[in-house]
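The questions and answers that follow are meant for someone meeting this structure for the first time. Please keep the sequence and the 3D view at hand while reading.

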Amino acid sequence: MKKQVSVRIEESLNDEIEKKAKELGISKSAFMSFSTQFFLRQLTHAESSSASKQYNMYELIKTNLENQYKSH
């Protein structure tokens, strides 16, 4: 079952997503779905690698996001 999600993103990111989806000939929704699944697989892989045991991936993401929002 699919669920609908609403998110707010920077206009420049939205423009990039629309451009890439158009280049690929897919809908923006399909691109977002694929991108999210890809990111989660990469995150899961990073968490299970021996190098990532030295730091918390979620803490890195949280810190990065906090820094992004502080600059806006």
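Q: What is the mean pLDDT of the protein?
A: This is a predicted model, and pLDDT gives the predictor's confidence in each residue on a scale from 0 to 100. In the protein, 89% of the residues reach 70 or more, and the mean pLDDT is 86.

Q: Which element of the protein has the highest mean pLDDT?
A: The protein holds three helices and zero strands, and from the N terminus on its elements run α-α-α. Among these elements, helix α3, residues 57-70, has the lowest mean pLDDT, at 81, whereas the highest, at 96, belongs to α1.

Q: Is Asn14 buried or exposed?
A: Asn14 has its place in helix α1, in a protein where buried residues make up 10% of the 72 residues. Buried means under 20% relative accessible area. Since the relative accessible area of Asn14 is 17%, this residue counts as buried.

Q: Which residue is joined to Asn14 by a polar contact of 2.4 Å between side chains?
A: Leaving aside neighbours within four places in sequence, Asn14 is in contact with Ile9 and Lys28. Asn14 and Lys28 are 14 residues apart in sequence, with 9.3 Å between their C-alpha atoms. The side chain that makes the polar contact of 2.4 Å with that of Asn14 belongs to Lys28.

Q: Which helices hold the two partners of the salt bridge between Glu18 and Lys28?
A: The closest N and O atoms of Glu18 and Lys28 are 3.5 Å apart, and a salt bridge asks for such atoms to be within 4 Å. Glu18 is partly exposed at 39% relative accessible area, and Lys28 is partly exposed at 34%. The pair ties together parts that are ten residues apart in sequence, because Glu18 lies in helix α1 and Lys28 in helix α2.

Q: How many residues apart are Lys62 and Glu66 in their helix?
A: Lys62 and Glu66 form a salt bridge in which the closest N and O atoms are 3.9 Å apart. Lys62 is partly exposed, with a relative accessible area of 43%, and Glu66 is partly exposed at 37%. Both lie in helix α3, where about one turn of the helix separates them, a spacing of four residues.

Q: What is the area of the nonpolar surface patch that includes Val7?
A: Val7 has its place in the segment before α1, and this residue is exposed, with a relative accessible area of 56%. Together with Val5, Ile9 and Leu13, Val7 makes a nonpolar surface patch of about 350 Å².

Note on methods. Residues are numbered from 1 along each chain as its sequence is written. This is a predicted model: local features need pLDDT of at least 70, side-chain atom pairs count only at pLDDT 80 or more; totals for chains, interfaces and linings use all residues. Side-chain values use heavy atoms; hydrogens and water are left out. Helices (H or I, at least four residues) and strands (E, at least two) are DSSP runs, numbered from the N terminus. Buried means under 20% relative accessible area, exposed over 50%, partly exposed in between (1.4 Å probe, protein chains only). Patches are made of residues with over 30% relative accessible area and no salt bridge: like charges are joined within 9 Å, nonpolar side chains (Val, Leu, Ile, Met, Phe, Trp, Tyr) within 5 Å. Accessible areas come from the Shrake-Rupley method with a 1.4 Å probe; for residues, only the protein chains shown count as cover. A salt bridge is a side-chain nitrogen of Lys or Arg within 4 Å of a carboxyl oxygen of Asp or Glu. Contact means heavy atoms within 4.5 Å. A polar contact is a pair of N or O atoms within 3.5 Å; within protein, one must be able to donate a hydrogen and the other to accept it, and residues adjacent in sequence count only if both atoms are side-chain atoms.
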